[in-house]
Amino acid sequence: MNVLKKVAVMALVAITVSCQTTKQTKVFTENDVAIIPKPAELKLEQGSFEFSKNTKFVLADASQKAITSILIDKFKNTSGWNLEVTDKAPSKDFVQFVIDEKLADEAYKLEVNSDRVLITAKGNAGFLYGIETLRQLLPTGIESAAKVADAEWVIPNVTISDQPRYKYRGLMLDVSRHFFKMDYVKKTIDRMAMLKMNVLHFHLVDDQGWRIEIKKYPKLTEIGAWRVDQEDKHWDGRYTPAADEKGTYGGFYTQEELKELVAYAATKNIEVIPEIEMPAHVSSAIAAYPELSCHETPIGVPSGGVWPITDIYCAGKENTFQFLENVLTEVMDIFPSKYIHVGGDEATKTNWKVCPHCNKRMEAEGLKSAEELQSYFIKRMERFINSKGKKLIGWDEILEGGIAPEATVMSWRGVAGGIEAAKQGHDVIMTPGTHCYFDHYQGPQNEEPLAWGGYTPLSKVYTFDPVVDSMTPAEAKHVLGGQANLWSEQIKTEAHSEYMIFPRLAALSETLWSPKESRNWEDFSTRIESMFSRYDFLGINYAKSAYLVMHDVQIDMKTKEVSLALKNEFTNADIRYTLGDKKLTDQATKYTEPLKIDKTTKVHASLFKDDQPVGVSFNTTIEFHKAVGKKVTFKEPYSDQYKGEGEFGLTNTLRGTKNFTDGHWQAWLGKDMDAVIDMGETTSIQEVILGTLENQGPGIYFPTAVTVYVSSDGKNYKEVGVQKRAFAKNPSFDLKEFKISFEKQSVRYVKVVATTLKTLPNGGKAWLFVDEILIK
């Protein structure tokens, strides 16, 4: 059956009716069971169970009442029922919790027959996951906050035995770069529990903000929690505030708020692990207490990107370690977690190398390098953390110079750090940027909100596996699990945060929970549609990027023919297209092979489901103009880093995207573009268009002027038009066409000069990016 037809069947679970000889009975198929993450074992039985206003929840002890409220509250919203909780099972129509001490901590069994539902588990973690699975067996309308008319809350009879593949299944939220309110953090915890995730890694400290109240050091939140508001500028295009500039953007959590959060998370079987960065990513702390740095120079809390990170804790001063021990003592009173994350990444040790305190420490401890000094720093903090009955986690940089004896490594720079740590006998949490960094784009950049970079679509997340094939069985045993990371440099709002987390967290949850051999992308891409429906009811601003049609364009410069290929993340996707001004209807042409285009053509395409377009449609124009295939010469050659398609890169009809590494851009650093197009013969023209890109973070700026000159002999040129544009702050990525129109001219040579911004706010050089010169 086609994948999208399967989806249609699944979406109709609540209303599929089969007429039997004596009565109407729900008939379920395996396609109707859309649980994420996929259970370890599931057997579909005949028959079904129907919830009613008389259904009772039978508990083994009172502590389970909070778990049952997940469903009880939903039935109250959707049906107006006040379902009863009791400790005695009636003859039928009940959901019962049964304790079995032999099961693993997070394991559960779910048995549904026509009279009752049994959830068997060792403790509340298993009961919670049993309820969450039961929730996903119900029609998606159960997620509605409003009453659902004529609803039938029927689920299939099933037998499920389930437990996680990995014990660590995490999500990291960065609340330092952009601060999020506690209510949003709790919502995220609810949604994690729905997917059977069990760790919230809480990134509370970084250069741009200190978010946790420390009573012994009040300046950490009085000063460190606030920065100068430069939210109108690109993250990497913000000036460095002076130490005495007052910050107005930020916020922090009180200790009472955090304790309440920890208690709330515990009811969802989620451990909250705090991250208190050291020795780097601590500008916010040094802004509050300059004496913690090597040179004690007052600084302001950075408003944006910091690189290299040189304002770090001094490793030579005893007061640094006293400060950190005092801070961690208060942190550990708030968070009962087994682990404390200390960061340990991206420390530029420039100041350490010249600091007399650090050099004295190195001499006294017999340390040969700054890397060994960092190792000393982390090992010393680990001894303190261990003395409090806790374990230390650090990013994979803590391997440099020698790893602390009992430390757990979180491998983010690929998997190499995790492999090396496992070889040394250390526990590992895999979180490689390639698959687990949710601040990366998940669809074509032209269609996506601002992200940090990279490309990590839903289908790529689904291929993640924490255990690397090259690992030995002994090394693999050290892999605790994996984690998604949402760094928030570009994430300013809760809606944007949701968009980046969902649905990718659903894909990651299955890679961490379900048996590897049961995972199948086609099957998952069917089940995820049901989750989309749940997200709709829950009001989650999830990304629909998986629906987007992507394209690849090639041109044969000999035949001047463009080949346009269309694709989508879904297997056997029903992509349809129209050309010209035709609308995308059910009569659109089904895409089967690359389109061959030899004249200016508008192309519209979309994924279709049930003969209707879904998601954002793909629209482009392949524009053939008079300069296609014409030779271009440059006064200054383009950069070796960004060559585009080479000799005909600006006259090949191929347009760049907001991804400046897509291979379609030619670029100049600190230089004007001075290009001459030889039309080959005298040609009548009246307009020149220059395609450009701006991304101020990495220093890519629109030109300040584009001037067009024409000539008949290639020696004597006259100016025919200019378009100027003054510099403007731009926190986003943008594409812009500079159009210069003029009276019709008969010429052979066209010169286009794009003038770059000469001085950047940070004193550096500007990049100029160009994808096409169109001549009409």
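Rings of Phe, Tyr and Trp (its six-membered ring) are taken to pair if their centres lie within 6.5 Å, with planes under 30 degrees apart counted as stacked, over 60 as edge-to-face and the rest as tilted. The model is predicted, and local features need pLDDT of at least 70, side-chain atom pairs count only at pLDDT 80 or more, and totals for chains, interfaces and linings use all residues. Residues are numbered from 1 along each chain as its sequence is written, and side-chain values use heavy atoms, with hydrogens and water left out.

One aromatic cluster is formed by Phe502, Phe532, Tyr535, Tyr542, Tyr547 and Phe570. The charged end of lysine 544 sits over the ring of tyrosine 542, 4.3 Å from its centre (NZ of Lys or CZ of Arg within 6 Å of the ring centre and within 35 degrees of the ring normal).

A search of the whole structure finds 39 aromatic pairs. Among them is the tilted pair of phenylalanine 321 and phenylalanine 377, at 5.0 Å centre to centre and with 50° between the planes. This pair links distant parts of the chain, 56 residues apart, with phenylalanine 321 in helix 8 (residues 318-334) and phenylalanine 377 in helix 11 (residues 370-387); helices (H or I, at least four residues) are DSSP runs, numbered from the N terminus. Both phenylalanine 321 and phenylalanine 377 are buried, that is, under 20% relative accessible area (1.4 Å probe, protein chains only).

The charged end of lysine 186 likewise sits over a ring, that of tyrosine 264, 5.6 Å from its centre.

Methods
Helix = DSSP H or I, 4+ residues; strand = E, 2+ residues; numbered from the N terminus. Buried < 20%, exposed > 50% of the residue type's maximum accessible area, 1.4 Å probe, protein only.
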